[in-house]
Every structure is written in C-alpha cells, then in structure tokens.
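I am opening a notebook on a structure that is new to me.

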Amino acid sequence: MSEWKTSACILCECNCGIKVQTGGEDGREIVRIRGDEAHPASQGYLCQKASGLNHYQNGTDRLLHPLRRREDGSFEEIDWDTAIREVAAKLAAVRDAHGGDKIFYYGGGGQGNHLPGAYSGATRKVLGSAFRSSALAQEKTGEFWVNGQMFGAHVRGDFEHCDVAVFIGKNPWHSHGLPRARAWLRDFSKDPGKTMIVIDPVVSETAKLADIHLRVKPGTDAWLLAAMIAMLLQQDLYRAEWLAEHARGFEEIRSAFADIPVAEYLAHAGVPLETAQAAVEAIAGAGGAAFFEDLGTQMNRHSTLVSYLEKLVWLLCGQLAKPGAQITTPYLTNIAGSGRATRFSPVAGARIISGLVPCNVIADEILTDHPDRYRAMIVEASNPVHSLADSRRMAEALDSLDCVVVIDIAMTETARHADYVLPVATQYEKWEATFFNFEFPDNYFHLRKPLFDAPATVLTEAEIHARLVEALGAMPEALCEELSAVLASGGRDAYRDRFMAALGEDPQLAAVAPVVLYRTLGPSLPEGADIGAVLWPLCLDLAMREPAAVARAGFTGNPLQAADALFDAIISEHSGVVFARGDYDALWSQLGQDGQVQLVVPELLAEVGELAAGPEPLTTEDYPFLLMAGERRDYSANTIYRDAGWRRKDREGALRICSQDAARLGLDDGGEARVTTRQGSAVTRVEVTDRMQPGHVSLPNGFGLDNVDGRRVGVAPNELTSLDARDRFAGTPWHKIVPAQVAPA
Ligand SMILES: Nc1nc2c(c(=O)[nH]1)N[C@H]1C(S)=C(S)[C@@H](COP(=O)(O)OP(=O)(O)OC[C@H]3O[C@@H](n4cnc5c(=O)[nH]c(N)nc54)[C@H](O)[C@@H]3O)O[C@H]1N2
Ligand SMILES: Nc1nc2c(c(=O)[nH]1)N[C@H]1C(S)=C(S)[C@@H](COP(=O)(O)OP(=O)(O)OC[C@H]3O[C@@H](n4cnc5c(=O)[nH]c(N)nc54)[C@H](O)[C@@H]3O)O[C@H]1N2
Ligand code: SF4
Ligand SMILES: [Mo]
C-alpha cells in the first residue's frame with residue numbers, strides 16, 4: 001500500500017477532501033479512504049458514499065480506446081489521430097453545410113470535474129457553436145433567473161452563521177450541499193437557540209431533525225409560501241424600515257399579497273395554521289435566517305414562482321447581506337452565470353437563462369424539420385439519455401443527428417448513441433477541480449493532483465480540445481511558439497505582457513485562449529500540472545474584480561502579483577486554498593442596483609394572481625399517484641458510479657409508498673410493484689414506509705443503468721418522465737410530481 005495521498009470525493013458538490021491509500025493490482029486501486037483534516041471546508045468529514053470511490057476509479061464499463069460507430073450500429077476501436085481528424089472533419093462539415101450554431105454542446109462537468117468545461121469553450125468557439133446546456137438547466141436556471149432580476153447576483157444562505165435554517169424541497173442529510181452536512185444538521189438541531197424549518201411532503205431524515213416540519217402536499221408550495229408572505233404582511237411582522245432602505249417595489253408586493261385568504265391557501269397546501277404561524281414567527285424573529293431551496297420545488301409545479309416567493313419571504317424579514325442570512329460569495333468562475341435571459345432557443349423559442357437552453361426542449365429542437373434544428377452534438381461529462389426527461393426521446397434525438405461525439409470515461413447510455421466516443425482519464429488520473437465554491441466569508445478552491453497515471457490510450461479533455469482546435473486549423477502556432485519562448489526567457493511577467501498584447505492585436509485569440517495557455521503556460525507548471533493553466537486568467541480576473549477579498553485571504557501586492565501568488569498556491573497546495581475572504585459590509589456593493597433589490601418581477605407577480613383559482617388536480621383516475629422520480633438516498637450518486645455493487649442497502653432502489661396505500665393495493669414490503677406513467681412502465685421492489693404521505697410515492701435517482709454486460713438494477717427514472725411537464729418560465733421539469741399508477745406486479 002502507498003503512503004496517504006490527497007484528493008477529493010467527486011460524488012456531490014461538496015467535494016470533501018479525502019486521503020487515500022492506493023494499492024491492489026498494479027497499484028491502481030483505491031484501497032483505503034479517510035477524510036482529509038487539512039481540507040479547509042470538509043475538515044475530515046466524509047459521508048458513507050465516499051468509501052466506494054474505487055467503484056468509480058475501477059468501475060464497470062470503463063472505456064480505454066476511442067470508438068467509431070459502424071454502419072450496423074456496433075463500435076470499432078480507432079487510434080487517436082484518426083479519431084481527432086474525423087471528429088474535426090465531421091463537425092466542420094456540419095458547420096460548413098448548416099452553420100456552426102447547429103452544433104449543440106451539452107455538459108462540461110459533473111459533481112467533481114469542471115475543468116473540461118473551461119477547455120471545451122475553445123472547441124465550441126472555433127466551430128461557431130452558439131447553443132449549449134447542462135444539468136443546471138433542469139434544476140437551477142429558474143432560481144438563477146429570479147436572482148438575476150432581484151439582485152443582479154447569485155445569492156446563497158449563510159448556514160454557518162444562521163440561527164434559523166429553512167430547507168425547502170431539500171434533504172441535505174442525503175444530498176449535502178452544505179459542508180459536513182450531517183454533522184452540521186445534528187449540531188444545529190441539538191442547539192436550543194436555533195430553529196430548523198423543513199418544507200417537505202416526506203418525513204425525510206432532515207425533516208425528522210427539524211423543529212418545525214411543514215408537511216406540504218406535493219406540488220403545493222406556491223400556496224404555502226404565498227400564505228406565509230400574506231401572514232408577514234397582515235401581522236406586521238415585516239421589516240418596513242429595512243425594506244424602505246434596501247428594496248424597491250414594496251407597495252406592489254403589499255397589494256399583491258396582503259389580501260390573500262391565508263386559511264384557504266394553507267388548506268390547499270395541507271399545512272395547519274399553527275405550524276405555518278410558528279414558522280413565520282421564527283423567520284421574522286431570526287437574527288440570521290438562511291434558506292436553501294432545491295429539487296423538491298425546483299423540479300416541481302411553479303418552480304420559478306416558488307423561487308421568487310421563497311426570496312420574498314426572507315426579503316420581507318430583511319434577511320440579506322448580514323451574518324446568517326443570504327449572501328453572495330466571491331467567485332473564481334460564476335457557474336450561476338448572470339441569470340439574464342437575453343436570447344431564445346432557435347426552434348422552441350424557449351428562454352435561455354445564463355446561456356443554457358432548457359434541457360426539456362433539446363430533443364424537440366432536434367426531432368423536427370425546422371431549418372434551425374440542431375444537426376450535431378458534443379456531450380461531455382454528462383449522461384443526458386439517462387438524466388433528462390423522456391430517455392427514449394432523447395435517444396431518438398441523438399440517433400437522428402448527423403454527428404454525435406461523446407467524451408466520457410465509460411460506455412454510458414448516452415455514449416451508446418454516439419458516432420464517436422472519446423475516452424478520457426478519470427478524475428483520479430488527472431488534475432481536476434470544481435467551481436462549486438460558495439463558502440463565506442472564507443471561500444475555497446481545491447485543485448486536485450492525480451492519484452494514478454492515466455492509461456496510455458486515453459487523453460484528458462484539455463488535450464482533446466487542444467488537438468481538436470489544432471485539427472480545425474485554429475491554433476495560432478506561431479504565437480504559441482513565441483509565448484513559450486517569452487516564458488522561458490522572461491518568466492511569467494513577460495509572458496503575461498505578451499499574452500495581453502496578443503489579445504489586443506487579435507480579438508479572436510480570446511476564443512482559443514484556454515488551449516493556448518494549456519500548450520504554452522501548461523508545460524512550465526510544477527508537478528505536471530499543465531491542466532491547471534486555465535486557472536491563471538481566472539486568478540487574474542478575480543484579483544482585478546475583488547482585490548480586497550483576495551488580499552484578506554493573504555494574497556497581497558498589486559492585483560498582478562496577488563493573482564500570481566494565488567495561482568502558485570492553487571498549484572502547489574494539495575488540500576485546497578482559501579482564495580478569497582469576504583466581508584459582510586462589502587456585500588451591498590455586489591447586490592442590486594444602487595444598493596437596492598428589486599422586489600417586483602412582473603411576470604411572476606402575474607402568476608401569483610393565478611393561485612387564487614386553487615391547485616389544479618395533477619392526478620386522474622388512471623394515474624392516481626404522484627411519483628417523485630429521482631429521490632436522493634444513502635446509495636444514490638447521479639450516474640457517477642456505474643457499478644451497482646457499491647450499494648450496501650436499498651440495492652434495487654425501492655419504490656417508497658405509505659402503509660395505507662400499500663395495504664389498499666395489496667403491496668408488501670420487499671415485494672414487487674408495477675409503476676406506470678403516461679411515458680412508460682417499470683417493475684420495482686417496494687418499501688412500505690410512513691415517511692411517504694398517501695398518494696405520494698418515490699423512486700431514487702441514479703438507478704437503472706444499462707451496464708455493458710447487460711445488467712440493469714432498479715428503475716431508470718426518466719423512462720417514466722415527460723418533456724412537456726415543465727415550468728413555463730425556465731422550462732425546468734416536474735420530475736417530483738409525475739402522475740402515476742401503482743399496482744401489484
Ligand atoms: N446521495 C446523493 N446526494 C446527492 C446526489 C445524489 O444523486 N445522491 N445528487 C446531487 C445533486 S446533482 C443535486 S442537484 C442535489 C439535490 O438534492 P435534493 O434536492 O435535496 O434531493 P431530492 O431528494 O431530489 O429532493 C429533495 C427533497 O424534496 C422533497 N420534495 C418532493 N416533492 C416536494 C414538494 O412538492 N415540495 C417540497 N417542498 N419538497 C418536495 C423530497 O421529499 C426530498 O426530501 O443532491 C446532490 N447530492
Ligand atoms: N428524473 C430525474 N432526473 C434527474 C434528476 C432527478 O432528480 N430526477 N436529477 C437531475 C440532476 S439534479 C442532475 S445534476 C443530473 C445529473 O446528470 P448528468 O449531468 O447527466 O451527470 P451525471 O449522472 O453526474 O453523469 C456524469 C457523467 O460523467 C462521466 N464522467 C465521470 N468522470 C468524468 C471525467 O473525468 N470526464 C468526463 N468527460 N466524464 C466523466 C460519468 O461517466 C457520467 O457519464 O441528473 C438529473 N436527472
Ligand atoms: S458529502 Fe459525501 S458524497 Fe458529497 S463530497 Fe462529501 S463524501 Fe462525497
Ligand atoms: Mo443536480
């Protein structure tokens with residue numbers, strides 16, 4: 001066994017620091033894992049999922065050679081030169097015949113790997129690809145849009161310092177999203193001075209720890225939150241002075257909500273008045289109240305509206321820009337984007353928020369004879385055939401394209417529909433990082449060093465994109481030679497001066513800057529950290545934007561010096577670096593217009609009026625249940641582990657149903673049931689549990705993968721979901737309320 005090496009878990013956005021020992025056959029296995037105490041955010045914490053990471057590194061379905069699809073649909077191995085040449089030629093042919101904007105890009109990173117997205121920008125721009133998307137456009141874009149309009153920035157709850165914590169459609173016990181979530185939840189719930197409020201139809205592990213559980217009926221959060229806003233107004237619990245100083249449009253909010261019939265709205269939501277009253281009083285009386293809304297509402301009816309109402313609740317209580325409230329964090333790269341929607345998708349005319357086409361329209365924008373339909377697709381570090389609504393239609397869409405290129409470590413459900421599959425090094429065989437950096441006041445970035453050499457027959461994404469740009473004839477070779485020479489003779493200062501001057505001379509250089517940096521600055525970086533090159537301009541950008549925050553983190557001097565010192569620290573420090581230290585007093589400079597937030601979002605306020613009619617029933621006689629398709633559980637981790645053997649319990653991913661419904665249908669715990677929706681049907685194991693309420697059933701996320709050896713364990717949730725059930729503003733899917741039928745199998 002080796003000495004302990006430092007890395008990070010790649011299964012959720014927390015990216016906890018890990019220490020691992022490698023060994024086993026050829027030393028290529030992860031044999032022991034523990035938490036890394038030196039990691040600034042996780043401080044030694046790990047959840048049970050991390051212990052299986054060897055199932056990722058040495059997982060089933062791994063790909064080691066580039067593949068090309070044959071006429072008969074089977075794949076043949078090809079060499080890299082052929083793969084790069086043919087992929088570049090095929091994509092260039094689509095560009096030349098139909099325009100580069102018909103080449104759609106999907107993905108760019110998952111829970112642990114965001115550097116591919118930074119490099120793929122070069123390939124996309126060289127090809128003229130204009131439309132892209134990622135998983136964010138089936139969960140977070142509604143919230144991004146609301147944030148963009150109200151604050152002009154992305155805001156998050158400051159859970160580290162709050163005394164009231166509110167989780168809406170979020171089960172951090174399983175899904176995390178906060179550092180050291182389980183330890184945090186236990187400590188918080190035991191503290192008599194703190195109050196945890198959970199809005200969830202399910203008695204989730206988090207709800208069990210809550211002081212106040214608002215057990216809402218599925219899909220009715222909009223009525224609950226509208227009633228809570230009305231209660232704040234009717235009972236004078238709102239912060240009038242704070243609002244007068246910091247917000248615009250309060251009178252319009254008052255007139256939209258003050259007369260809402262609270263008892264009637266709470267009845268729609270199934271929440272008793274005294275429970276709602278306790279929640280409203282706790283939030284109004286909080287020193288700092290931090291809110292976290294997640295998939296339970298973001299993949300549900302009214303998802304964008306609910307994001308808006310949630311923000312109005314805490315804004316009326318003045319819970320912004322102070323410790324424990326909502327804050328905005330300094331960033332290296334802003335993965336939430338601007339939240340602006342200035343474009344519409346070419347066929348469906350769907351709003352593109354933060355540059356992302358809603359996932360639910362992608363298949364429709366391909367399966368059409370519209371002249372602007374997408375003709376080719378690059379999929380990187382994502383598995384949309386499994387993860388997007390209506391898997392069959394997504395697969396059909398891919399099959400109809402002129403060219404599909406998939407860049408992945410494994411033969412996935414999506415890769416099966418590719419013309420070319422380009423295999424890459426795993427996240428433990430290359431330098432990697434994520435931009436999920438949302439902590440405050442200290443914000444961290446962790447560039448991980450590889451644990452293993454990559455097999456000789458795979459490449460990294462950085463290398464693939466550099467080679468594609470070269471094959472497309474767009475690499476400025478002479479400039480690269482010059483930059484390398486300048487770096488060798490004059491060091492990084494001279495390199496920066498020449499790079500900046502070159503950008504001024506040729507604005508086109510910006511498009512290929514990531515791969516130029518990789519080819520020129522990359523080889524000079526210590527320990528072979530060439531992939532880290534793309535972080536250098538991000539450090540520069542941060543040091544220019546936020547000099548004070550960077551200086552407080554210890555990187556001082558003028559912005560150029562501070563940026564270089566930070567970049568060097570990121571490359572050399574193996575457990576992560578504090579890259580910025582925020583300041584509560586400086587938050588208002590990032591928020592709103594002239595230090596004021598915008599309470600009125602006209603389109604959403606109009607939708608509030610429609611709530612008066614009450615909830616339209618979502619179930620019918622044929623489909624009397626609401627299915628939550630894709631719950632986070634102990635042993636779910638998107639589709640990052642393809643090997644079902646990592647699971648220690650709930651191995652088949654049971655359908656959860658309450659005892660009353662189970663008895664009525666004659667279903668036994670551990671038995672089987674058939675779940676049928678308008679889209680599809682599947683047989684599943686049953687778990688009878690009164691954490692579910694009557695009429696509500698749940699299936700987990702990440703199951704039902706098709707392994708190369710023909711195995712499939714559990715239900716693939718998106719064989720049961722539909723593209724049409726989606727939010728009217730952001731196009732986000734309603735995966736948590738799929739009308740379904742349940743019967744004995
Ligand atoms: N173990 C594990 N952790 C993960 C992941 C994983 O696959 N497995 N995936 C990661 C990713 S990509 C994400 S985005 C996050 C998602 O994390 P979460 O959003 O926390 O995960 P979910 O379990 O999908 O849904 C959260 C809660 O919403 C509730 N809910 C369902 N319907 C409603 C409703 O109508 N109203 C309300 N208020 N609540 C409702 C569910 O009961 C559930 O408790 O998890 C991350 N962490
Ligand atoms: N019905 C339903 N559907 C859902 C959800 C739900 O709750 N219900 N949740 C949704 C959510 S929130 C999310 S975030 C999505 C997630 O779905 P996707 O965005 O599709 O991502 P993952 O399942 O995380 O798959 C990651 C892919 O990256 C590959 N990979 C791993 N490491 C590397 C690497 O280093 N390089 C490259 N190039 N590839 C690599 C893996 O093999 C895998 O194919 O699923 C969504 N789908
Ligand atoms: S919380 Fe668990 S799954 Fe998420 S990064 Fe940490 S160890 Fe991995
Ligand atoms: Mo997600």
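The entries below go from conventions to ligands, then to sheets and single residues.

**Conventions.** I note that this is a predicted model, in which local features need pLDDT of at least 70 and side-chain atom pairs count only at pLDDT 80 or more, while totals for chains, interfaces and linings use all residues. Residues are numbered from 1 along each chain as its sequence is written, chains are lettered from A and ligands numbered from 1 in the order in which they are written, and side-chain values use heavy atoms, with hydrogens and water left out.

**Ligand 2.** I looked up which residues come nearest to ligand 2, and found Ser387, Asp408, Glu461, Arg632 and Thr639 out of the 31 residues around this ligand; a residue counts as near if one of its heavy atoms lies within 4 Å. By class, this shell holds twelve nonpolar, 13 polar and six charged residues. For the classes, Ala, Val, Leu, Ile, Met, Phe, Trp, Tyr, Cys and Pro count as nonpolar, Asp, Glu, Lys and Arg as charged, and the others, Gly among them, as polar.

I then asked where the shell comes from. Domain 2 (67–112 + 121–139 + 346–423) and domain 4 (617–744) each give at least three residues to the shell around ligand 2, with domain bounds taken from an automatic or database domain assignment. Strands β18 (403–408) and β23 (625–631) each supply at least two residues of this shell; strands here are DSSP runs of E of at least two residues, numbered from the N terminus.

Next I went through polar contacts, meaning pairs of N or O atoms within 3.5 Å. A nitrogen atom of ligand 2 lies 2.8 Å from a polar side-chain atom of Tyr56. An oxygen atom of ligand 2 lies 2.7 Å from a backbone N or O atom of Asn383, and an oxygen atom of the ligand is also 2.7 Å from an N or O atom in the side chain of Thr639. Taken alone, ligand 2 exposes 920 Å², and the protein buries 97% of that, with areas from the Shrake-Rupley method and a 1.4 Å probe.

**Ligand 3.** Around ligand 3 I find Cys9, Leu11, Cys12, Asn15, Cys16, Leu46, Cys47, Lys49, Ala50 and His176. These residues divide into seven nonpolar, two polar and one charged. I returned to Asn15, which is in the loop between β1 and β2, and noted that its phi is near 50 degrees, a positive value in a residue other than glycine.

Between β1 and β2 (residues 17–23) I count four bridges, and Ser7 stands opposite Ile18 in β2. Six bridges join β2 to β3, where Gly23 has Glu29 as its bridge partner. These two strands form a hairpin with five residues between them, and Gly24 in the turn has a positive phi of about 70 degrees.

**Four-stranded sheet.** I looked up an open sheet with parallel pairing, whose four strands have the order β11-β10-β9-β13. Because β11 (212–214) and β13 (289–293) stand at the edges with a single partner strand each, one side of each is left without a neighbour in the sheet. Here the twist averages 10 degrees from one strand to the next. Three bridges join β10 (residues 195–199) to β11, and Ile199 has Leu214 as its partner in β11.

**Strand β25.** Strand β25 (residues 672–677) runs antiparallel to β26 (residues 681–688), joined by five bridges, and a hairpin of three residues links them. Thr676 is partnered by Ser681 in β26. Strand β25 also pairs in the antiparallel sense with β28 (residues 738–744) over five bridges, where Thr677 has Ala740 as its partner.

**Cis peptide.** Last, I noted a cis peptide bond between Phe440 and Pro441, with omega about 0 degrees. Pro441 is in the loop between β19 (420–423) and β20 (442–445).

Terms used: A polar contact is a pair of N or O atoms within 3.5 Å; within protein, one must be able to donate a hydrogen and the other to accept it, and residues adjacent in sequence count only if both atoms are side-chain atoms. Two strands pair if DSSP finds at least two bridges between them. Axes are lines fitted to C-alpha atoms, for helices over the stretch in contact, and angles run from 0 to 180 degrees between N-to-C directions.
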